[in-house]
Amino acid sequence: MTLPVTIDRMKTFYIETFGCQMNAHDSEKVVGTLLQQGYERVESPEQAQLVLYNTCSIRDKAEQKVFSRLQQFKRGAGKDKLFGVLGCVAQQEGERIFDRAPHVNLVAGSASYTKLPEMLVQLETGNRRVTGLDLDTGETFDTPFTRRDNPHRAYITIIEGCDKACAYCVVPFTRGPERSRTSESVMREAKSLTELGYTEIQLLGQNVNSYRDPSPHAWDFAKLLANAGAIPGIRRVRFTTSHPRDFVKSIVDAIDENPALCNHVHLPVQSGSTSVLSRMQRLYSRDEYMRRIEWMKNARRDIAITTDIIVGFPGETEADFHQTMQLAEEIEYDSMFIFKYSKRPNTSALQLEDQIPEDEKTRRLMLLQERQRAIQMRRNGRYVGKTEEVHVEGYNVATGQWIGRTSQNKTLNFSDAALPAPREAETLGGKYTNVLVTRSGPNSLAGERAREVYVQ
Ligand code: 5AD
Ligand code: SF4
């Protein structure tokens, strides 16, 4: 028998977040909701009466993490400690989580977060098996109570869910169908962020390119982007993630026309082989992808392009992999996330034969990583001698350098003989300044602050 926990004793919570930026931002909204409900946030699971894990199930490893966390901190469970599993693993595993980890008391997927206040009341009144697993929703999780972690860059959700059916991907099963927010609601949030002092925003969605304003304005993504970039006080607008099938030329035109739109596009290709792309059900060929790259390469602004690649998808031959290597060389990505294919529940790729052995996946991953490292060395070398504007994100006490980020999303660490003290650095966080690039590495740039006043 479990004892009912009194409301007061339950009012502290701890949350740990795994996975993508969508999850990070969901947690910011969940935290805001809990604070609004009278909960207090604590910094360790030991101190908390409600321990929440906002989970990711994109690859098997990510999923395993939450179960090991649940084992690690289960002491005190039941009597005076409650555990909640949120996010993608919650949605994917549903009530099976209660069997695997019987001390869990709340299982809720992201499509149910609008019902969090009700679920909390259920927990508070002694229900020890609370679930929120309905995926059949037209709602988005919008709240004015969001508690943002990053003081310089604010995430804004514009679309939730995903209507694609990539053969390897669990997301349509964990985040449900696409739902766009109205343009008014997005613009209102963006404007309110400028009042809080934010100058940089990042528009979020699993596939931002398929954004469709449900209001009579009927804005598409390029229109939303252009309007967000025109908000007084907004100096930088980023967006992620783009699906190549829905990535249209008007997005590149919008970037060309408005310097507030960052010249960086993350356009996951997954494979350089049309036959692999077709088995992945990606809905574009290598040539169609290349056309989108050409729009960007022919743009007036120098647009940084980054991507995701999966190696070892079932049936990927040496020749297919070679095409991915060639594609990387041809495009010269600014950065690349490479993943070994991982089998996911419910996905159609589970039916495919010809699995690639683990050590072969590792070999391909390492070869591609090595090639990409050389490409990044080359690309970043082009910036030496140039002056770049950075948004100052902080100060690294260990290196005595400021940390800045360029519009292209490159880290540019810089020193400034006139302002060496970390205390001053804190006050400079969030400012913009020009930096002369003097050195480059595969993953970052380094330089000296150009002699002029800080702006904004
Ligand atoms: N195995 C490996 N990588 C995957 N990704 C998505 N699903 C899988 C999977 N089953 C990668 C894709 C995606 C990124 C977020 O994660 O490259 O773009
Ligand atoms: Fe992980 Fe995908 Fe869910 Fe993000 S949407 S948390 S990457 S499974």
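Mentor: Quick ground rule: domain bounds come from an automatic or database domain assignment. This is a predicted model, where local features need pLDDT of at least 70, side-chain atom pairs count only at pLDDT 80 or more, and totals for chains, interfaces and linings use all residues; side-chain values use heavy atoms, without hydrogens and water. Residues are numbered from 1 along each chain as its sequence is written, while chains are lettered from A and ligands numbered from 1 in the order in which they are written.

Trainee: What distance separates the centres of domain 1 and domain 3?

Mentor: The chain splits into domain 1 (8-132), domain 2 (153-381) and domain 3 (387-449). Taking centres over C-alpha atoms, domain 1 and domain 3 are separated by 37 Å.

Trainee: How much of ligand 1 does the protein bury?

Mentor: Start with the residues around it (a heavy atom within 4 Å): they include I58, R59, Y168, F339 and R344. Then look at the polar contacts (N or O pairs within 3.5 Å): a polar side-chain atom of Q270 sits 2.7 Å from a ligand oxygen, one of D308 2.6 Å from a ligand oxygen, and a polar backbone atom of S342 2.8 Å from a ligand nitrogen. Alone, ligand 1 exposes 410 Å² (Shrake-Rupley, 1.4 Å probe), and the share buried by the protein is 87%.

Trainee: Which strands each supply at least two residues of the shell around ligand 1?

Mentor: Strands here are DSSP E runs of at least two residues, and helices are H or I runs of at least four, numbered from the N terminus. The strands are β13 (304-311) and β14 (335-340).

Trainee: Is E316 buried or exposed?

Mentor: E316 is in the loop between β13 and α12 (318-331). Its contacts (heavy atoms within 4.5 Å), apart from neighbours within four places in sequence, include R279, F321 and R364. Buried means under 20% relative accessible area, exposed over 50%, partly exposed in between (1.4 Å probe, protein chains only). E316 comes out at 3% relative accessibility, so it counts as buried.

Trainee: How many residues does the largest nonpolar core have?

Mentor: A nonpolar core is a set of buried Ala, Val, Leu, Ile, Met, Phe, Trp, Tyr and Cys residues joined through side-chain atoms within 4.5 Å. I158, L203 and F239 are among those with the most contacts inside the largest one, and L203 touches both I158 and F239. The residue count of that core is 66.

Note on methods. Polar contact = N/O pair within 3.5 Å; in protein donor to acceptor, adjacent residues only side chain to side chain.
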